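Welcome, and please load the model in your viewer. This tour visits rings and the residues beside them.

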Amino acid sequence: MALKNSENGVEISFETVEKEEDEVQMNLDHNAAPLQQLVDISDAFSSNEMFCSRDALIEWARNVGKRNGFVIVIKRSDKGDSRKARVTLACERGGTYRHAKNKSNVEDLNRKGTGTKKCDCPFKIIGVKLTSSDDWSVKVVCGFHNHRAAKQLEGHSYAGRLSDGEKTILSDMTKNLVKPRNILLSIKNHDEYNVSTMKTIYNARHKHRLLNSAGRSQMQQLMKQLNECKYVEWHRKDASNDCVRDLFWAHPTSIQLLNAFCSVLIMDCTYKTNRYRLPLLEIVGVTSTNLTFSVAFVYLEAERVDNYTWAMEKLQSLMFADRLPNVIVTDRELALMNAVRLVFPTTTNLLCRWHISKNVLANCKKLFERKEKWEAFMSAWSVLVFSSKEDDYERNLRSLTTDYYTYPGAIKYVTESWLTPYKERFVAAWTDKVMHLGNVTTNRVHMQS
């Protein structure tokens, strides 16, 4: 039997293919499943198409297999040293399970409840390279499967693998901080026959990170990336074990923005969201068009005055001496507040109203037996916080204490914990005396995270 290429006038002999067809037919007659259980998909793989490369042929065969519910794998490949280059493709369930050769008593080593997907499926096609060009042709040796087609291939260990092109897409999108679900969506849009799952994406991302890290620890990898990307970076080490205690870094563009828009800075810590469970201090600024930009990030060994002071000193070193911040907004982190006072003595330190309201909610709501009474109390509290003048503040405070004298626990908490020591840092009558550009919470930090 021969196949003729009409364009090149080249004849390709398939004598070996015919012999394999005879062998497959003998196997089908000897042992395979009854004829009613055989699935014939010969027509799907019968094609006179010429493929530009071996990879193109394999990709075509696998896509045809996926459309029909079967997984096609490479059974044998010959580079063509002594004969024409060819590749044999078969069903993943072809052949039989082979026990390890060094097992003396296989029956005793078999575990209960285990099995194999191998069922000696006879399906086989062969791709052969033309002698006159780099094109490849395909021939169906046996188009029968002795098992049913899969209803769906999502989650299949082999069919769900990513191709080299898909791995490149994943790598590029991972570098651009694209979320895994969007990476999977992009890959499926690129290939309609893709059956990968989220687990495939997570595993591929993990492998990609391991290859990039080249055996470095996460901290070493971070230091390497900061150096390669030209970040300004400082760190402190523990003299006894050479471990990094604190790490400060800022991008050069962020430093330029900081010196251009230094009036208001906002700081907050993100807790226990990294492998080392270190506090991450985030510092952001506000532009003249009310946009938020990241200034710097600091990994801290602990939330102590010494650590925060070191971070504030590094921040100060990035700024011009005559352009220090007018306002710094934080939550009630006493160590951070003390560090701000030490390094920026002329700066007004405002407290986040949102965090204060959350604290009032957590400590006072349980003291009210009725929802309506609680909502009325919070409304009166908001009026007090937004008092625009000191006289208004005094009047609203008297009203609050008079109307809710039956709830002494709530009055005591808001008075002793917030109003008496910190009213100048969050009540409008005092905060409006400084130019905070409307920034009275640390929510901008969380929006940047």
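Rings of Phe, Tyr and Trp (its six-membered ring) pair if their centres lie within 6.5 Å; planes under 30 degrees apart count as stacked, over 60 as edge-to-face and the rest as tilted. By that rule, the whole structure holds 14 aromatic pairs.

Start by selecting phenylalanine 51 and tryptophan 60: this is a tilted pair, 5.1 Å centre to centre with 45° between the planes. Both phenylalanine 51 and tryptophan 60 are buried (under 20% relative accessible area, with exposed over 50% and partly exposed in between; 1.4 Å probe, protein chains only).

This is a predicted model, where local features need pLDDT of at least 70, side-chain atom pairs count only at pLDDT 80 or more, and totals for chains, interfaces and linings use all residues. Residues are numbered from 1 along each chain as its sequence is written, and side-chain values use heavy atoms, leaving out hydrogens and water.

Next, pick tryptophan 234 and phenylalanine 248. Their ring centres are 5.7 Å apart and the planes meet at 50°, so this pair is tilted. Tryptophan 234 belongs to strand β9 (residues 232-237) and phenylalanine 248 to strand β10 (residues 244-250), so the pair ties together parts 14 residues apart in sequence. Strands (E, at least two residues) are DSSP runs, numbered from the N terminus. Tryptophan 234 is partly exposed at 27% relative accessibility, while phenylalanine 248 is buried at 0%.

Now select Phe368, Trp374, Phe377, Tyr404 and Tyr407, a cluster linked by ring pairs.

Finally, look for charges over rings (NZ of Lys or CZ of Arg within 6 Å of the ring centre and within 35 degrees of the ring normal). Arginine 332 lies over the face of tryptophan 418, 4.1 Å from the ring centre. At tryptophan 430, the charged end of lysine 423 sits over the ring, 5.7 Å from its centre.

Definitions and conventions
Helices (H or I, at least four residues) and strands (E, at least two) are DSSP runs, numbered from the N terminus.
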